Amino acid sequence: MTNLSKLFFARNPYKTKSTEAFLEAVRENVRFQQTHCPAYAKILAQRGFSPEELQSEADLFKIPPLPTLYFKRNRLLSVPQSECVLTAASSGTRGQKSFVAFDRKTMFYGIGMAVRFFQYYHLITPIPAHYVVLGYEPSGHADMGAIKTAYGVTKFAPALSRTYALRDAGGTYEPNMDDVVRSLERHAKSGFPVRLVGFPPLLYFLVRELERRGVQFRLARGSKILLGGGWKRFGGEAAGREALFSMAEHALGIPRKDMFEFFSAVEHPLAYMRCKNGRFHVPAYARALVRDPATLQPVQNGEPGLLNLITPLVSSMPLVSVMTDDIAIVRPGEDCGCGSESPCFELLGRAGVRGIKTCAAGAAERAQGGGI
Amino acid sequence: MNLVSGKQLSREDARAKLGGLQETILDSLCNGVLERGAVVAACDALSGQIGGDEQVSLLCAAGMSEEKAKRELALARRMLSREYLEERVRRELGDTGEKEFVPSDGKEAVRQVRRPLGVLLHIAAGNADALSVFSVIEGLLSENINILKLPGGGDTFSEMILLELIRLEPRIADRVFVFDFPSADREALERLGECADAVVVWGGDAAVAEVRKRVKPDTAIIEWGHKIGFAYVSGKSVPEDALFGLAAHICDTNQLLCSSCQGIYVDTGSFDEVQAFAERFLGVLEACAARDPLPNDLFRSAQIGLELYTEELESAEAQKAVFRGGNVAAIAYGDSELTVSYQYRTVWVKPLPREKIVRILKPNKNHLQTAALLCGPESEAELTGALACAGVVRITRGDNMSFSYCGMPHDGEFPLARYTRIVSFETGARRST
């Protein structure tokens, strides 16, 4: 059994049989990227890092993390493009997109990981379901990772139908709320569960629309809401999130226990599940560090800083240590109190200047960030 | 805030007034202009109320240092004073006397008179405090009727000042209409546009492009778009105090203004010289920043930290070098592209030999604004000429980049002149033959 198999195919994503497997897999990955991606090799040389320095988990912080911003401005590959079977882009909310490309090996372990992860939460089932995708319809002109992720999620239960809140209009997208509401009316009578999958803001628009129309559904037992992506409009506050879930429970008849929320990034294609205390616990095939933004040195547990995620999943690109633009706090699992022992992080917002007032040409688009 | 004929209305009620707005405005037009003198008197009275401790506290609560709050209030007080406004009118509109003359190729005597365009729709942006009210005051000074579309999120300072102006001069109530419809409410904006002779738009390229799409061809568009400023340094003997002045300006404005220095061009083609200058300037910038520290903000530090770190990583392959200090940075680049900086005291330094100034900068047409010129007297005429030819509209010392004076053109133009037209009419007198 390879290190990657031990890590990504474990039944419990939060436990591994071998504690050495993660470190070895990371070391192998860094070595592979170093020898197959000249630009990455130059970065390691510039930062004075060698994979041999990875003697223990305490050395993981020494791997130079590549920021998501770096992938927005540079394309790095460690395998020929022809060997990549999936490409995706970030949603580019600030005008720049990261492009990633995954080869067969990455997909093999990635799909295995996803199946194990979602099985663990009993989200994979043979009972068919209708899907309402609170996101974009797949299309030849869009390559956002979020579209591909949402489509992937519609395979967790055999799909009876898929309705998209943002319909492909040939080059652009247009809102499709009328269709979504009509399909919910049909699905509510069908007796089959409904899965609503996608972005929180679109769930908000949907439940507001249902409220406005005075419509209330009782969707079949087993119906679920699976959310991922930005909470910016809700200020990232737990109160805002719970208020939305409560509105959704009222409008759709789906109990809170069947609502799930994930964190992921196109440059770090792992799923993190938000626990009942609002934190994301780290699976055994990843590590989360928080770094001081100025010195990039790791900060103490409980102190805020930039979130750095590490995983050996991706072979086709040097995504082994990625610095997100999320501000987070990392804590030991037992401090969370939700029952999970795995370390966890909570998100405080995105790097950026809140409420910036500038009339310098091109500046406002670049600098805005803030709430989640 | 929605304000129609001096009455504050809810957004719904304001929307209901849209259908009759044109008629209301025509009534106001038929009643004649509100003469400039009355507007100046109201502004002057308002000026006298500015600068109190309560106002300083209000600005400090909005994140300004006390010293800066006092400075900004003193500026507002000066800009609304009778002396300032009267001088401004003289400089921007020239001789407003209506002298009769007979053109050299004409037979009849004529008079040429400046008159207001009529009705201005101001589409304000939220990127500067009290921008909305200053735009409206310019409209009033040019004797126009003004419709103001407030920026998303409103503009509290502007709303307060407008209400006070109306209290001081109640006739302003029929010359200022305020709406807070969201920009996405295109129908409402189009209705407002139909009432206007010209739309005055503030904001970035996206806002300007949107207005260009929406406004009908019979309505003029007056654009006050976002601009970019930079410094140009030539010669090795630029004195330390000139650099210190530039650094002080960078720290004072945090590179947020159209006139702010985003980066520094060095009159050289050598990357080594660019790096040497960046390192030298970093020391000056750091010393300046230590006197005027930025308040801590984790989210801003994280954004800039990520950007600087990414630049450092890219320097493994590209011609660039990052020089970091405590909360300041200078990044040397091998290219000459004019870009916005990362702001908040992170300045770029790039090569630009003087003979390439026009070629490199000209493509930034209509975005260029202020350039600080730091050079010896022997180069001044040549460099000033090249910068103006490229499209720069203001050339200053380093410390003065964001300093404004009475009668200063705005982005190369006089607003009051743009808000007026010249009417020529024959007076009946004939040339003697």
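## Exercises on a two-chain predicted model

Chain A and chain B bury about 3,300 Å² between them, with 60% of it on carbon and sulfur atoms. Buried area here is the accessible area (1.4 Å probe) lost when two parts are put together, summed over both. The model is predicted: local features need pLDDT of at least 70, side-chain atom pairs count only at pLDDT 80 or more, and totals for chains, interfaces and linings use all residues. Residues are numbered from 1 along each chain as its sequence is written, chains are lettered from A and ligands numbered from 1 in written order, and side-chain values use heavy atoms, without hydrogens and water.

**Exercise 1. Describe the contact between the chains: how many residues does each chain give, and how many salt bridges are there?**

Step 1. Apply the contact cut-off: heavy atoms within 4.5 Å. Chain A gives 41 residues and chain B gives 37 residues.

Step 2. Search for salt bridges (a side-chain nitrogen of Lys or Arg within 4 Å of a carboxyl oxygen of Asp or Glu). The count between chain A and chain B is four.

Step 3. Take an example. A:Arg73 and B:Glu311 pair their side chains in a salt bridge, at 3.3 Å from N to O.

**Exercise 2. Characterise the fold of chain A: how many helices and strands does chain A have?**

Step 1. Count DSSP runs: helices are H or I with at least four residues, strands are E with at least two, numbered from the N terminus. Chain A has ten helices and 15 strands.

Step 2. Compare the radius of gyration, over C-alpha atoms, with the globule rule (2.2 Å times the number of residues to the power 0.38). For chain A the radius is 21 Å, close to the 21 Å that the rule gives for 372 residues, so chain A is as compact as a globular protein of that length.

Step 3. Check burial (buried: under 20% relative accessible area; exposed: over 50%; partly exposed: in between; 1.4 Å probe, protein chains only). Buried residues make up 53% of the 372 in chain A.

**Exercise 3. Repeat the fold analysis for chain B: how many helices and strands does chain B have?**

Step 1. Chain B has 15 helices and 17 strands.

Step 2. The radius of gyration of chain B is 24 Å, close to the 22 Å from the globule rule for 433 residues, so chain B is as compact as a globular protein of that length.

Step 3. Of those 433 residues, 51% count as buried.
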